[in-house]
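Please read it alongside the sequence and the model.

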Amino acid sequence: MPELRRSLACLAAVWSLLAQAAPSPADASADAALELRVQHVAEQLRCLVCQNQTIADSHAQLALDLKKEARTQLARGRSEQDVIDFMVQRYGDFVLYRPPFKANTWLLWLGPFALLAIGLLTLLYQLRQRGFAMEDSE
């Protein structure tokens, strides 16, 4: 009989610990809301390692660290825009996946078009030079 009481006491203690460890539905919904906010912020920030992915898509260690930092700040009550502003202050406008068009980001926006134009002009120049060279040899 004492062993049965001891077993029931152990079972009750384990049951009590499990009940305390299980998250309440309110905690689960708060975590889900927090994760949605983290995901929203992560989709707006560029992975500084990959550069062509958001930190939401990247598995680089820096991206994981940035997501963790965003989660920590959001959990402390900061707004999504506050977290984004913090990242911009720390890493510059380049951390934004869609940086604003302003004086210090014009190269990010116009650089690809400038390179394309230079390439096309070089191609046209080369084609003209070859055309003139063929006419001279005839």
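1. A residue is called buried when its relative accessible area is under 20%, exposed when it is over 50%, and partly exposed in between, with a 1.4 Å probe and protein chains only. By this criterion, 20% of the 138 residues of the protein chain count as buried.

2. The model is predicted: local features need pLDDT of at least 70, side-chain atom pairs count only at pLDDT 80 or more, and totals for chains, interfaces and linings use all residues. Residues are numbered from 1 along each chain as its sequence is written, and side-chain values use heavy atoms, with hydrogens and water left out.

3. The protein chain comprises five helices and zero strands, in the order α-α-α-α-α from the N terminus. Helices (H or I, at least four residues) and strands (E, at least two) are DSSP runs, numbered from the N terminus. With contact defined as heavy atoms within 4.5 Å, residues 24 or more positions apart supply 43% of the contacts that have a separation of 6 or more.

4. The largest nonpolar core has 19 residues, of which Val41, Leu45, Ile55, Leu74 and Met87 touch the most other members. Two or more residues of this core come from each of α2 (25-42), α3 (61-75) and α4 (80-91). Such a core is a set of buried Ala, Val, Leu, Ile, Met, Phe, Trp, Tyr and Cys residues joined through side-chain atoms within 4.5 Å. Not counting residues up to four places away in sequence, Leu74 touches Leu34, Arg37, Val38, Val41, Ser79, Glu80 and Val83.

5. Which residues of α4 are buried? They are Val83, Ile84, Phe86 and Met87. Seen down the axis of α4, the buried residues fall within an arc of 155 degrees (taken from the directions from the helix axis to the C-beta atoms), so they line one face of the helix. An α-helix has 3.6 residues a turn, so residues three or four places apart point the same way. After α4 comes Gly92, with a positive phi near 90 degrees.

6. Gln73, in helix α3, is buried at a relative accessible area of 3%. Beyond residues up to four places away in sequence, Gln73 touches Arg78, Val83 and Phe86. Asp93 lies in the loop between α4 and α5 (106-137) and is buried, with a relative accessible area of 12%. Apart from neighbours within four places in sequence, Asp93 contacts Val88, Pro99, Pro100, Lys102, Asn104 and Thr105.
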